[in-house]
There are 2 protein chains.
Amino acid sequence: MATRKIAILAEGALGWHAAKTAVGVIRYAPDTTVAVIDSTHTGMDVAEALQGPVGEGIPVVRDITEALTYQPDTLLIGIAPRGGALPESWRWQLLAAIEHGLNIVSGLHAFVSDDEELRTAAARKGVTIWDVRRPPARTRVADFTPHREGSHTVLLVGSDCGSGKMSTALDLNAEAQRRGLSSAFIATGQTGMMIANNGLPVDRLIIDFAAGLVEEQVLNFSHAHDWVFVEGQGALNHPGYSPVTLSLLHGSMPDALIFCHKAGQTAIDGYEQCLFPSLNRLIEINEEAVNWLRPERRSKVVGISLITNHLDEPHAREAVEQMMNETGLPVTDPLRFGVAPLMDALERHFAG
Amino acid sequence: MATRKIAILAEGALGWHAAKTAVGVIRYAPDTTVAVIDSTHTGMDVAEALQGPVGEGIPVVRDITEALTYQPDTLLIGIAPRGGALPESWRWQLLAAIEHGLNIVSGLHAFVSDDEELRTAAARKGVTIWDVRRPPARTRVADFTPHREGSHTVLLVGSDCGSGKMSTALDLNAEAQRRGLSSAFIATGQTGMMIANNGLPVDRLIIDFAAGLVEEQVLNFSHAHDWVFVEGQGALNHPGYSPVTLSLLHGSMPDALIFCHKAGQTAIDGYEQCLFPSLNRLIEINEEAVNWLRPERRSKVVGISLITNHLDEPHAREAVEQMMNETGLPVTDPLRFGVAPLMDALERHFAG
């Protein structure tokens, strides 16, 4: 697959958190990001704008006109403003991008391809508009088909949203490929989809078909690859999003799980009354949920990915150590200490 | 609330299974069913057509013209033909119904109110079209608000679809009202909605908002009623529909559960490789799923509703007995032996 040359529209959003999609695409996509549009941070590179270690040498530019001088072939709208609609101040930039033959990838709640003017312009120029959040129209109920013998499906689960499931899955996929293994990543959320250029917006699916559409993806990928890393979403102990998590557990029927957690977190973000059970119990409930359907071949959590970027190095090491003692499992912060210990654990698990 | 006088369109469908909606509405709705349209069974009453104990004295008629002589105020489309669209042979009947001032309640996959001709006709006559399967447009993420102190929310769960969750919830609600309790039923599927004239088509919701929209219903109902019986859907051990079940467990946060099962069934219908765990384990996983969110106040299964209509009387009694021994819980087939033992168990549970 040819890689893209991407300009990312992230107007006013170049702060570390708000720029999650831009950071993800720059860090993980096989494509080249040639420029990031944010008129509030011009005159520096992305790393300077973010005050972080991602995006060195990628210019922050004022608008699409300046971005076009870097010859992108794709404009990726990497933020979703409140209200969800396309800000009118962006319209001319999208039109200019289309006019210059760029494909559009949009994470907006309002679908760009539903906009008459933009759709007409894209059709005239022969460029594509991909609204990442648009759920597939087709329906499919899971039929519990076994995966190809010899393939390994690994699902990322965690104690909450934002616990590192996407990035750990991407890190594991990259590490597996580095080891010469046949490996793929399945995106299940919009940032992952923009990175991988495929996948399903699982949180937008009709609930009856969520597991079935996930299963279909996993069957396709595990047919073609020996290792399949499925991006997780939400958490079984999340009051709002637990059905999304279960649709991934039962749709992907993972052979192994990696559990993700932010060091020190004790309750669901935004729900302080929802205290976590013990980590061992959290691990156990994710294993059990898979095994409700397949008790004879137990699925297990084989390692833990720990977010420690809010801790200094000694405290990060201490947190990793403490988690290893508590769970008896390999633990790492992939961003800080590398993902190899988790890939080692997975290889051991399937060799053993 | 004024009760409706309903004509049910069930063309070609008056067999016991296909007529699930018609049977449910006749048995459970507070409304009067004045006629059932099925041109293949004219000249008898519904009970004769069904060869069952429901619908004695309700005439089966040829078409809407004949149905109108029984002065209905509502036409309820109680079957969903394959393909989902409105059969063209029904169009004139819907138009005739609208022309005579009947409101339309439709369970078709294709929404009647999206049909230009029918919508226009309804607007002109001032009648309503309720497409029961149409999900609400609004979005809501569950916020884990506690229910009113003193209210009792009871969710029906089971080993599979079609295990008696809707009818047992309706029976319990009727029994509670008979006992003078303040009680309500929340419908979560289309037949239940047609019966109760309210509710949510949970299986059609966007997965991110399913628990939140269920929670909203339960908060409203438990504010107004001491007992709230929530219709269940699917099963946690169902490969396709488990997310629907979990959205109900976490959206309703039940204070108690009633478990439903068809005597002798050992695997998910249509998935013979999905063998049930033991019934005690099935009961336990439903309890545990609630308690993931609220470990300090355990939710328990307090009784079992058993379908025995495929057994003769001695075998039915034997099945009930055996299930009581296996689980240590009160067991009844509400249709055959009455629902009182389950309501007794619930009253004891909350008194204790």
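Trainee: How many residues of chain B are in contact with chain A?

Mentor: 35 residues of chain B, against 35 of chain A. Contact means heavy atoms within 4.5 Å. This is a predicted model: local features need pLDDT of at least 70, side-chain atom pairs count only at pLDDT 80 or more, and totals for chains, interfaces and linings use all residues. Residues are numbered from 1 along each chain as its sequence is written, chains are lettered from A and ligands numbered from 1 in the order in which they are written, and side-chain values use heavy atoms, with hydrogens and water left out.

Trainee: What area do chain B and chain A bury between them?

Mentor: About 3200 Å², 63% of it on carbon and sulfur atoms. Buried area is the accessible area (1.4 Å probe) that two parts lose on being put together, summed over both. Ile207(B), Asp208(B) and Trp292(B) supply 24% of the area that chain B buries against chain A.

Trainee: Why is Asp208(A) with Arg204(B) called a salt bridge?

Mentor: The rule asks for a side-chain nitrogen of Lys or Arg within 4 Å of a carboxyl oxygen of Asp or Glu. Here the closest N and O atoms are 3.4 Å apart, so the pair qualifies. The count between the two chains is four salt bridges.

Trainee: What makes strand 1 and strand 2 of chain A a pair?

Mentor: Pairing needs at least two bridges found by DSSP. Strand 1 (residues 5-9) and strand 2 (residues 32-37) of chain A have five, in the parallel sense, so they pair. Strands here are DSSP runs (E, at least two residues), numbered from the N terminus. Among the bridge partners are Ile8(A) and Val36(A).

Terms used:
Helix = DSSP H or I, 4+ residues; strand = E, 2+ residues; numbered from the N terminus.
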